[in-house]
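I opened my notebook for a structure that is new to me. My plan is to look things up one at a time and jot down what turns up.

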Amino acid sequence: MTQQTGFNVLWLQSGGCGGCSLSLLNAESPTLLHTLEGAGINLLWHPMLSEETGSEMIALLTQIVAGEIRLDALCIEGAILRGPNKTGRFHILAGTGRSMLDWVRDLSVVAKYTLGIGTGASFGGITAGGGNPTDACGLQYAETERGGALGESYRSLSNMPVINVAGCPTHPNWITETLMQLALDDFTEEDLDEWQRPRGYADHLVHHGCPRNEYYEFKASAEEHSQLGCMMEHMGCLGTQAHADCNTRLWNGEGSCLRGGYACINCTAPGFQEPGHRFQETPKIAGIPIGLPSDMPKAWFVALASLSKAATPKRLRQNAVADHIVVPPQTKKKGT
Amino acid sequence: MSRTIVGPFNRVEGDLEVQLEIADGKVSEAWVVSPMYRGFEQILHGKDPRDALIYTPRICGICSVSQSIAAADALANAQGVERPMNGELSLNLIHACENLADHFTHFYLFFMPDFARAIYTKEPWFEAVEKRFKAVKGRAAADVMQARAEFMHLMGIMAGKWPHTLGIQPGGSARSIEATEKVRLLSIISGFRRFLEARLFGTELEAILEITNQQQLDNWRDAGDPGQSDFRRLLQLSQDLRLETLGQTTGRFMSYGVYPLDGERTFKSGVWYEGQLTELNPNKITEDISHSWMEGQADPTHPYHGVTLPNADMDSGYTWCKAPRLDGQVVEVGALARQLIDGQPLINDLVASSGSNVRNRVIARLLEIPRVLIEMEQWCRQLKPKEPFCVDSGVTRESEGFGLTEAARGSLGHWVRIKNGRILNYQIVAPTTWNFSPRDQAGVTGPLEQALVGAPVREGENEPVAVQHIVRSFDPCMVCTVH
């Protein structure tokens with residue numbers, strides 16, 4: 001596959017941790033390189049994989065900006081640092097003396113599609129936490145507000161807004177599948193959700209397929225780490241509100257946050273880094289969690305929760321606060 | 001004299017620029033520039049201390065677990081929490097998995113592709129090396145990515161995902177392991193062993209650890225085909241290109257030690273200089289900002305009282321990185337330091353004869369893989385599924401604590417002071433902060449700045465290939481460096 005015939009991807013890292021690139025390397029069966037090759041996707045440059053360095057890489061960027069090499073997908077990983085005082089000097093692209101902010105703006109003009117890889121590039125994310133000392137933002141959002149580094153009205157050459165492959169980090173397949181759909185011309189604005197995230201994964205909830213669902217149904221809750229119960233009531237789990245398919249797609253073979261024994265922190269959402277209370281603890285009013293499942297009427301939730309709590313089998317009540325199964329399910333034997 | 005500016009560097013984690021003065025075909029002086037600042041220490045100020053467990057792994061996508069371990073250790077230290085045995089074992093397994101995957105990724109994807117660059121076309125080994133290690137196109141890349149991904153299934157089971165787990169808690173691991181999972185973990189580890197033995201080493205892991213001096217290593221190198229063992233290929237390239245002559249530092253080494261178990265660290269901590277091993281005193285660690293784009297701190301300061309306040313207009317600065325010093329001295333950290341201080345015989349022999357250099361750094365990293373994988377097999381067998389993996393840890397209103405650990409690329413420390421149940425000060429000193437330190441008040445250069453001096457520059461080279469080898473031999477992580 002050549003730069004003339006394939007789907008050309010340029011990947012740059014801005015004010016993030018590089019974790020989405022590392023997560024991308026977790027792609028397997030087939031591996032990342034085989035997946036891309038099979039889909040006709042060329043990596044024009046990727047910071048962890050490519051040979052070109054220094055002046056070779058700057059020459060490539062210059063050619064892309066000049067329109068000499070076609071740019072099908074511009075993938076930006078990490079928040080865009082606008083500070084100090086709108087100069088972008090908190091990240092000067094090495095060897096160029098220019099801010100990443102400026103490079104991203106120039107490249108976005110010639111890109112057929114522009115993708116924010118991870119919650120940082122999408123909305124600002126972790127780097128925009130606390131008092132946001134670097135004035136970090138996403139490509140087209142500063143948290144929930146549209147605008148960001150490229151502006152509200154930005155559209156790439158294909159007339160698409162920024163595609164936000166949000167997640168902290170993203171799942172490798174959220175990236176590869178989005179790129180493959182784009183390469184097939186099989187992805188339109190209809191495929192983006194309210195935060196411009198690919199609906200392929202964002203139309204699901206983390207709650208779907210959670211192995212703790214039975215505990216959830218009976219409100220049999222974990223109280224401390226390593227316990228088996230549902231983590232929504234006490235441990236700050238946002239799986240019933242978080243848009244992602246983590247528990248049906250799974251991570252690193254057979255994992256997910258909940259399977260790993262800790263709460264979902266809704267890392268695909270704008271502003272997840274500042275929940276307004278401490279993570280890993282469910283804020284409550286009069287003993288009732290404030291954040292209830294998406295689109296569920298509160299009165300019903302309270303009614304069902306108290307009913308199911310009253311009906312909780314002993315097995316779930318005991319296992320919920322144990323770190324291994326202490327009461328196994330029983331089979332009703334014939335004649336008893 | 002005008003400076004040659006080299007950057008951006010890829011196949012390192014994060015963005016890096018190096019400025020060089022070149023005279024007589026050699027680098028005569030170097031400045032290392034970390035061109036990005038994000039402000040984690042400022043972000044953490046005022047937060048609930050336990051929220052550091054969400055923020056700090058996201059300093060870095062490649063040392064994510066090491067950051068979690070340092071944060072959890074700092075909180076445990078502040079609260080006086082002790083982990084149950086299963087908790088220690090689980091955290092060691094998760095941490096070792098990250099560190100080994102990093103070594104593996106570094107060797108195959110970051111370091112070796114430089115030998116497949118066009119500048120080496122005329123070398124007799126070029127064709128074979130290009131076929132195997134060429135960036136993206138080489139045969140090794142796809143194979144090693146599959147092996148790495150399968151090894152990372154350990155993370156799926158024990159840590160939920162990688163990077164950025166929240167399973168690492170001050171009191172242990174949030175994930176208890178069932179008996180069937182324990183055997184699954186063993187099979188994942190043995191699958192990785194098989195790959196290492198078949199391709200990386202071309203022999204049993206135990207046989208590699210039996211090599212105890214340079215003579216034996218040379219004999220082993222010459223006894224087989226470098227086409228069948230990537231380690232042997234490295235040794236042959238090292239000999240051919242004399243990689244032991246590249247990238248010398250002053251050779252003072254530090255390791256915090258790592259993988260605690262039952263009161264002992266599996267790798268010992270210490271400081272090594274000219275053959276003398278001394279105890280590490282973490283109270284002697286300071287950070288100097290005299291050449292950083294930082295302000296608010298007149299003199300070098302211990303991290304408990306460190307200030308991180310960026311100012312892009314500081315004329316004396318040339319990087320966002322601070323200059324950490326141990327008792328006023330520059331130290332090199334990483335796998336070489338860790339194994340040297342732990343007493344690994346081959347590494348001690350190599351350093352005794354040639355000091356700190358590109359070859360020794362890369363060999364040390366590769367030798368650590370069998371050593372740690374064998375430990376992992378033992379740790380996994382010791383897991384007791386019916387016993388606790390985590391104890392509860394609260395938070396006290398006034399306390400302080402620190403966590404010292406080793407990421408793949410070297411010593412990582414977190415220092416936290418807590419007041420009114422909130423973070424008053426949180427300071428992080430990362431491995432590459434040590435290695436890619438700028439000059440200090442006395443004008444003393446950091447390890448990479450030292451290592452680059454004398455690097456040969458061939459006629460017409462824009463990005464001297466020797467500089468590429470030296471920089472990558474440190475396995476730098478730039479996002480950690482400044483954070």
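Before I start, a definition: I call a residue buried if 20 or more other C-beta atoms lie within 10 Å of its own, exposed if 12 or fewer, and partly exposed in between, with C-beta atoms placed from the backbone.

Some ground rules. This is a predicted model, where local features need pLDDT of at least 70 and side-chain atom pairs count only at pLDDT 80 or more, while totals for chains, interfaces and linings use all residues. Residues are numbered from 1 along each chain as its sequence is written, and chains are lettered from A and ligands numbered from 1 in the order in which they are written.

**Entry: the annotated cysteines**

I checked the UniProt record, an unreviewed entry, and its "binding site" annotation covers Cys63(B) and Cys480(B). Positions are in the numbering used here, feature names are shortened, and such annotations may be inferred rather than shown by experiment.

Is Cys63(B) buried or exposed? It counts as buried, with 33 C-beta neighbours inside 10 Å. I found Cys63(B) in the loop between helix H2 (52-55) and H3 of chain B. Helices (H or I, at least four residues) and strands (E, at least two) are DSSP runs, numbered from the N terminus.

Cys480(B) sits in helix H18 (residues 478-482) of chain B. Cys480(B) is buried too, with 30 other C-beta atoms within 10 Å.

Next I looked up contacts (C-beta atoms, placed from the backbone, within 7 Å). Leaving out neighbours within four places in sequence, Cys63(B) touches Cys480(B), Cys477(B), Leu412(B), Ala408(B) and Ala407(B). On the same terms, the contacts of Cys480(B) include Ile59(B), Cys60(B) and Pro431(B).

**Entry: a sheet in chain B**

I traced an open, antiparallel sheet of 3 strands, in the order S15-S16-S17 (chain B). Strands pair if DSSP finds at least two bridges between them. S15 (399-407) and S17 (422-429) of chain B are at the edges with a single partner strand each, so one side of each has no neighbour in the sheet. I count 7 bridges joining S16 (residues 410-419) to S17(B), and Lys419(B) has Arg422(B) as its bridge partner.

**Entry: where the chains meet**

How many residues of chain A are in contact with chain B? I get 63, against 76 residues of chain B. H1(A) gives the most to this side of chain A, with 5 residues.

Definitions and conventions: Contact = placed C-beta atoms within 7 Å.
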